[in-house]
There are 2 protein chains.
Amino acid sequence: MASAASIRANCRKVICIGRNYADHIAELKNARPKQPFFFLKPPSSLLLPGQGPMLKPRGVTVHYEVELGLVIGKTVRDMHAEDREGALDSIENYLVAIDMTARNVQDEAKRKGLPWSIAKGFDTFLPISNPIPRQKIHPRPDNLELWLSVNKQIKQRDNTNLMLYNITRQLSDISRVMTLEKGDIVLTGTPKGVGPVVAGDRMSAGVRMDGKEIEEGRIEVD
Amino acid sequence: MASAASIRANCRKVICIGRNYADHIAELKNARPKQPFFFLKPPSSLLLPGQGPMLKPRGVTVHYEVELGLVIGKTVRDMHAEDREGALDSIENYLVAIDMTARNVQDEAKRKGLPWSIAKGFDTFLPISNPIPRQKIHPRPDNLELWLSVNKQIKQRDNTNLMLYNITRQLSDISRVMTLEKGDIVLTGTPKGVGPVVAGDRMSAGVRMDGKEIEEGRIEVD
Ligand SMILES: [Mg+2]
Ligand SMILES: [Mg+2]
Ligand SMILES: [Mg+2]
């Protein structure tokens, strides 16, 4: 079975879908995209389970965004937007991830038309769970409950069936721009409820299927 | 000696400095940055010597940007902005790269405050030369002449001594955000003269030291 360390070792890019839940778009007062868009986080931002705290750079407002992650198992190019079976077959494992975001840095980048890479790319800005074996979720990644709490207070809890663009469409759009390779990670967007964490806060996150927690998907990070 | 294939195999991220030559900022009517900024290209965009043509996606205005590339040889974190020796020591090889850019996609992203990853990240959008052994350039990466021609017409030709932020400052700023790892590639920005290529165009690029071409740095791509 894959370990989180092997996920880290084999990851060559992390592709993140933006604005994929309507209520999250509304809470940040963003425009709804006419098609999926995405950005990259560097593999160096990955934070494995038990690897230590998430680091909050000075002068930065750090927001959590819980997301369902897909670990790609094969080369994917120009996937058809209706090829649901092909899309699900290209996923080797799932995981839960927190797309940490330097919100004030991102707001300034947006205002100036600059790239998001710094806002999204600090070391430790991508806490992940252990890999969730695909058979635990297949074929239902679009009917899971994601949740995140800060200091035991629930902040995010929504079903992946609220995604504006489903996983097939996401993998199709990404793979028409950049080839997906074995080991790449795709983050599928965050539901509503994002907010800041400060020094001393503890984040917990996870995923439920039919109301039952999937153990491997659990994240605990300071 | 490193081969281009080993560069590809070991690359986990490509970090590109934006707006690092004054005349290039002027030609695109951009604002001059108060500090270096950067973005990521995916390793999947690398195009090795002899690997085939650069692919021009439909509906896209594709611009060339010739740049000096640095292949990182060790882990770099929080490098000091004055540590020139440390910076140069962290470079294992040099190369010449063309940071291909979907300019109309990038212009729209800038207007909407969206990430640059799609505009910069298509497959084949990063033609590179063979690696240039570091001793051929060390300690003078800041006094090289970069050039690029389209169909034998020179389009870009400028000295790396025109960089607004030198290599030490670049590696310092990047490494305060994201750890540089062995195999990572840093692109140091493009001088003036960027412009479009269309189907059938042939790009050539290279680098000269003291007026003499460095053979390994040569790129020829259709
Ligand atoms: Mg990357
Ligand atoms: Mg996100
Ligand atoms: Mg460039």
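A salt bridge is counted here where a side-chain nitrogen of Lys or Arg lies within 4 Å of a carboxyl oxygen of Asp or Glu. By this rule, Asp222(B) and Arg202(B) form a salt bridge, with their closest N and O atoms 3.0 Å apart. The pair links distant parts of chain B: Asp222(B) belongs to the segment after β16 (219–221), Arg202(B) to the loop between β13 (195–197) and β14 (203–209), and the two are 20 residues apart.

This is a predicted model, in which local features need pLDDT of at least 70, side-chain atom pairs count only at pLDDT 80 or more, and totals for chains, interfaces and linings use all residues. Residues are numbered from 1 along each chain as its sequence is written, chains are lettered from A and ligands numbered from 1 in the order in which they are written, and side-chain values use heavy atoms, with hydrogens and water left out.

**Chain relation and interface**

- Chain A is superposed on chain B by a rotation of 180° with 0.0 Å of shift along its axis, at an RMSD of 0.0 Å (least squares on the C-alpha atoms of residues with pLDDT of at least 70 in both copies). This is the relation of a two-fold axis.
- In the interface, 31 residues of chain A are in contact with 31 residues of chain B (contact means heavy atoms within 4.5 Å).
- The copies meet through the same surface, because 100% of the interface residues of chain A are also interface residues in chain B.
- About 2700 Å² is buried between chain A and chain B, 57% of it on carbon and sulfur atoms (the accessible area, with a 1.4 Å probe, that two parts lose on being put together, summed over both).
- The rule finds 2 salt bridges across the interface of chain A and chain B. Glu181(A) forms a salt bridge with Arg8(B), with the closest N and O atoms 2.8 Å apart.

**Magnesium sites**

- Glu65(A) (OE), Glu67(A) (OE) and Asp99(A) (OD) coordinate the magnesium ion (ligand 2) at 2.0 to 2.1 Å (donors are N, O and S atoms within 2.8 Å of the metal, or 3.2 Å for Na, K and Ca; water is not among the atoms, so sites may look incomplete).
- The donor residues of ligand 2 follow the sequence spacing E-x1-E-x31-D.
- Both Glu65(A) and Glu67(A) are buried (buried means under 20% relative accessible area, exposed over 50%, partly exposed in between, with a 1.4 Å probe and protein chains only).
- Glu65(B) counts as buried at 5% relative accessibility, and Glu67(B) is buried with a relative accessible area of 1%.
- Glu65(A) and Asp99(A) also take part in a network of salt bridges with Lys41(A), Arg103(A) and Lys120(A).

**Sheet of chain A**

- An open sheet of 6 strands runs in the order β2-β1-β12-β5-β6-β9, with mixed pairing (strands are DSSP runs of E, at least two residues, and helices are runs of H or I, at least four, numbered from the N terminus; two strands pair if DSSP finds at least two bridges between them).
- β2 (37–41) and β9 (132–133) stand at the edges with a single partner strand each, so one side of each is left without a neighbour in the sheet.
- Strand β5 (residues 66–72) pairs with strand β12 (residues 185–187) in the antiparallel sense over 3 bridges. Val71(A) stands opposite Ile185(A) in β12(A).
- Gly69(A) is placed in strand β5 and counts as buried at 0% relative accessibility.
- Beyond residues up to four places away in sequence, Gly69(A) touches Asn93(A), Tyr94(A), Leu95(A), Val186(A) and Leu187(A).

**Salt bridges within the chains**

- Over all chains the count comes to 40 salt bridges.
- Lys13(A) and Asp184(A) meet in a salt bridge of 2.8 Å, N to O. Lys13(A) lies in the loop between α1 (4–10) and β1 (14–18) and Asp184(A) in the loop between α6 (167–177) and β12, so the pair ties together parts 171 residues apart in sequence.
- Lys13(A) counts as buried at 2% relative accessibility, and Asp184(A) is buried at 0%.
- Lys182(A) forms a salt bridge with Glu92(A), the closest N and O atoms being 3.1 Å apart. Lys182(A) lies in the loop between α6 and β12 and Glu92(A) in strand β6 (residues 91–98), so this pair ties together parts 90 residues apart in sequence.
- Glu92(A) is partly exposed, with a relative accessible area of 35%.
- In the chain B pair, Asp222(B) counts as partly exposed at 37% relative accessibility, and Arg202(B) is partly exposed at 35%.
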